[in-house]
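Let's read a protein model together, one feature at a time. Have your viewer open and follow along.

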Amino acid sequence: MEFYSLSVTQGTMNSVLHRRYSSIVGLLLATSILILNCEGNKVLVYPVDGSHWVNMKVLIEALHSRGHEITVIRPSSSWYITEHSPLYKTITVLDGIDSLGDFIKENLNKMVEMQIGRGSTLEFMKVQMNFFSMVSNAHAIACNTVSTIIEDKELLGRLQDEQYDLVLTDPAITVGVVLASYLKLPLVLNVRWIMSGEGHFAIAPSPLSYIPVPGTGLTDKMTFGQRLKNILFYAIILYQNTFVVGPHYKELCDKYFDKDCDIVSLLQEADIWLMRIDFVFDFPRPTMPNVVYMGGFQCKPSKPLPQDLEAFVQSSGEHGFIIMTLGTLVDGLPADTAEEIAAVFSKLPQKVIWRHLGAKPSTLGNNTLLVDWMPQNDLLGHPKIKAFIAHGGTNGVQEAIYHGVPVLGIPLFFDQFDNLMRIQAKGAAKILELSQLNGQTFEQMILEILNDESYRMNMQRLSRTHRDLPMEPLDTAVFWIEYVIRHKGAPHLRTKSYRMPWYSYHSLDVILFLFSIAAVTALMTVAFIRYVCCRQCCKRKLKNE
């Protein structure tokens with residue numbers, strides 16, 4: 001009996017051990033399969049510095065979390081992209097300059113001073129010319145950098161030996177597209193802007209009758225005069241692409257590609273365009289199968305604030321608080337303008353958190369906290385937030401939509417006016433241009449945003465619509481990146497229109513052919529009628545004679 005009991009006990013123990021062993025083996029097997037799948041994909045990232053890097057890093061974090069191996073090519077002068085990171089490996093390429101960031105910030109700060117009325121017209125024009133020169137130089141430096149990569153046979157050999165599955169790049173500076181084409185790798189674009197304007201204009205039908213050109217500040221409802229302005233601005237973009245920026249890329253194409261190509265054609269060969277907008281933010285327009293919209297992909301639920309900041313916010317009581325920031329590219333507004341803004345803030349019942357890097361204004365009230373940096377997303381997601389005073393960068397506007405916070409926009413340069421115009425057209429923002437910025441106009445507009453409940457209601461409606469999706473925008477972006485990896489490209493989603501000459505694309509040759517047939521037919525008909533009429537006249541004359 002004792003032997004039997006012992007046998008049962010040992011059998012039970014063996015059964016338990018067998019089940020545990022099977023579970024461990026199954027877990028190890030599943031883990032090994034996951035590791036094999038994750039280690040199989042290598043992504044080469046060629047980013048653009050500055051705020052563009054902020055949203056590219058979001059994609060890198062998501063890809064890294066899924067086990068992909070990321071390599072980032074960075075210029076030696078980079079001021080945002082760190083050389084060492086747990087998320088990615090880096091390849092640093094010498095670009096021959098000390099700090100592109102300092103040069104850009106210096107020029108942009110001068111532009112702000114000119115726009116706000118601190119200089120003569122001649123000086124303003126000089127700054128504008130310096131700005132265009134800066135843009136051209138930035139593209140020239142980038143083209144020299146990618147040329148350095150291609151000419152460095154050792155580095156180029158390393159890139160080829162790594163056997164990357166994909167190139168992910170931001171085409172605002174378009175050299176990543178050139179490198180992807182040279183390496184013959186599938187290409188995914190993290191894009192809103194290309195080298196000379198908004199990305200849709202290079203890939204999708206873009207009727208100028210209702211699609212506003214960047215820089216115009218127009219909506220999709222235009223008068224005749226506005227449509228005229230739209231076409232003129234488009235002509236300026238074509239000029240910039242052809243004569244200012246285009247020659248840098250043309251030189252690259254001629255040097256490294258046997259085929260007759262240009263940078264726009266290389267762009268149009270991209271497998272997937274991940275667009276950093278959606279149609280809650282933008283106006284409806286024609287699109288293409290390989291354009292994937294991921295507007296707000298960088299947005300996320302707010303986290304708890306630091307203890308001192310939370311205490312300041314809670315002290316606002318029922319009035320809530322406002323935040324103000326003009327981004328990282330501008331150190332601050334001129335001192336007298338900052339004094340006027342601080343005086344307006346001091347009159348408000350709300351608390352104010354203001355990212356201000358200049359001298360402390362003498363008119364600063366006890367309700368205003370100056371900071372060098374703020375957790376913008378977490379503040380926008382706080383239940384006591386009442387308004388967001390911002391420059392209108394894409395990231396900030398998307399976060400405001402995500403959290404449903406109305407905006408008072410003070411656009412400075414680039415796409416900021418157009419971004420703010422889109423949400424103003426939807427009744428969720430007001431725009432105050434720098435040339436009109438003073439204490440009176442600032443106070444009037446911030447009070448309108450705070451006291452007119454329609455701005456908050458409209459922005460919250462946009463927020464609900466923006467969030468009502470079957471899949472999170474970031475998950476959508478990662479899916480399509482991995483889709484291109486799995487299928488080694490997505491040529492079935494690309495239109496062949498970019499291979500057509502312009503006259504064929506617009507069917508001008510067909511129209512001319514049909515017009516010629518119609519003209520010949522009309523001429524033959526007229527000739528026949530004249531012949532018949534003449535013959536009848538001749539017969540009558542003969543009879544009369």
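**Reading the fold, feature by feature**

Q: Which strands form the open sheet, in what order, and is the pairing parallel or antiparallel?
A: Two strands pair if DSSP finds at least two bridges between them. Here six strands form an open sheet, ordered β12-β11-β10-β13-β14-β15, with parallel pairing. At the edges sit β12 (368-371) and β15 (429-431), each pairing on one side only. Ignoring direction, neighbouring strands of this sheet are turned by 15° against each other on average. For angles, axes are lines fitted to C-alpha atoms (for helices over the stretch in contact), and values run from 0 to 180 degrees between N-to-C directions.

Q: Before we go on, what are the ground rules for the model?
A: It's a predicted model: local features need pLDDT of at least 70 and side-chain atom pairs count only at pLDDT 80 or more, while totals for chains, interfaces and linings use all residues. Residues are numbered from 1 along each chain as its sequence is written, and side-chain values use heavy atoms, with hydrogens and water left out.

Q: How many helices and strands are there in the protein?
A: Helices (H or I, at least four residues) and strands (E, at least two) are DSSP runs, numbered from the N terminus. The protein has 19 helices and 15 strands.

Q: How many bridges join β13 to β14?
A: Three bridges join β13 (residues 385-390) and β14 (residues 407-409), and the two strands run parallel. For Ala390, the bridge partner in β14 is Gly409. Helix α14 (residues 416-424) packs on the sheet, where it touches β14 and β15, and its direction makes about 135° with that of β15. Helix α15 (residues 439-451) lies across β10 (321-325), β13, β14 and β15, at about 140° to β13.

Q: What share of the residues is buried?
A: Buried means under 20% relative accessible area, exposed means over 50%, and partly exposed is in between (1.4 Å probe, protein chains only). Of the 545 residues in the protein, 48% are buried. As for contacts (heavy atoms within 4.5 Å), take those with a separation of 6 or more: residues 24 or more positions apart account for 63% of them.

Q: How do I read an aromatic pair?
A: You describe a pair of aromatic rings by the distance of the centres and the angle of the planes. Rings of Phe, Tyr and Trp (its six-membered ring) pair if their centres lie within 6.5 Å; planes under 30 degrees apart count as stacked, over 60 as edge-to-face and the rest as tilted. The structure holds 12 such pairs. Phe279 and Tyr293 have ring centres 4.8 Å apart and planes at 55°, so that pair is tilted. Phe279 is in the loop between β8 (272-275) and β9 (291-293), while Tyr293 is in strand β9, so the pair links parts of the chain 14 residues apart. Both are partly exposed: Phe279 has a relative accessible area of 34%, and Tyr293 has 21%.

Q: Where does a charge lie over a ring, and at what distance from the ring centre?
A: The test is NZ of Lys or CZ of Arg within 6 Å of the ring centre and within 35 degrees of the ring normal. Arg467 lies over the face of Tyr402, 3.8 Å from the ring centre.

Q: Is His403 buried or exposed?
A: His403, in helix α13 (residues 394-403), is buried, with a relative accessible area of 17%. A polar contact is a pair of N or O atoms within 3.5 Å; within protein, one must be able to donate a hydrogen and the other to accept it, and residues adjacent in sequence count only if both atoms are side-chain atoms. The His403 side chain makes one with the side chain of Asn377 (3.0 Å). Not counting residues up to four places away in sequence, His403 touches residues including Lys300, Ser302, Leu380 and Arg467.
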